[in-house]
Amino acid sequence: QVLLVESGGGLVQAGGSLRLSCAASGRTFSNYAMGWFRQAPGKEREFVAAIRWSGNSTYYADSVKGRFTISRDNAKNTVYLTMNSLKPEDTAVYYCAAQRDYGGVMYDYWGQGTQVTVSS
């Protein structure tokens with residue numbers, strides 16, 4: 001079992017920045033690839049970014065490429081999502097998730113989410 005707890009969400013103006021954190025506990029964090037997803041009101045959950053267990057490989061949704069950066073600190077059992085140049089359409093609940101197989105479709109564990117609201 002891996003317990004994931006997100007933090008760092010909040011209200012920010014368009015063009016601003018936020019850094020989300022996801023703290024993991026339980027099974028060995030460094031064994032898992034990590035991802036960030038988001039879900040806006042009335043929309044389906046969508047993929048945002050993912051990072052390999054080692055941190056040496058990442059990939060992003062086109063909608064956030066160049067603005068968001070995923071990173072991890074295995075010593076702190078934490079994964080981060082740094083979000084710059086935020087837009088109102090980035091408003092959503094952001095979730096982190098863990099998976100055994102980097103790049104796969106399935107994620108094994110999910111956090112409860114943190115709200116990000118971007119005002120225009």
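In which strand does Thr78 lie? I found Thr78 in strand 8, residues 78-83. Strands here are DSSP runs of E with at least two residues, numbered from the N terminus.

Before going further, I noted that this is a predicted model, in which local features need pLDDT of at least 70, side-chain atom pairs count only at pLDDT 80 or more, and totals for chains, interfaces and linings use all residues. Residues are numbered from 1 along each chain as its sequence is written, and side-chain values use heavy atoms, with hydrogens and water left out.

**Entry on Thr78.** I looked up its accessibility: Thr78 is buried, at a relative accessible area of 9% (buried means under 20%, exposed over 50%, partly exposed in between, with a 1.4 Å probe and protein chains only). I then listed its contacts (heavy atoms within 4.5 Å). Leaving out residues up to four places away in sequence, Thr78 touches Ser21, Cys22, Ala23, Phe29, Arg72 and Asp73.

**Entry on the disulfide.** I recorded 1 disulfide in the structure, the term meaning a pair of cysteine sulfur atoms within 2.5 Å. Such a link is a covalent bond between the sulfur atoms of two cysteines. Here Cys22 is joined to Cys96, with 1.9 Å from S to S. The link of Cys22 and Cys96 is right-handed, with 50° about the S-S bond. Cys22 belongs to strand 3 (residues 18-26) and Cys96 to strand 9 (residues 92-99), so the pair ties together parts 74 residues apart in sequence.

Are the two cysteines buried or exposed? I noted that Cys22 is buried, with a relative accessible area of 0%, and that Cys96 is buried, also with 0%.

Conventions. Helices (H or I, at least four residues) and strands (E, at least two) are DSSP runs, numbered from the N terminus.
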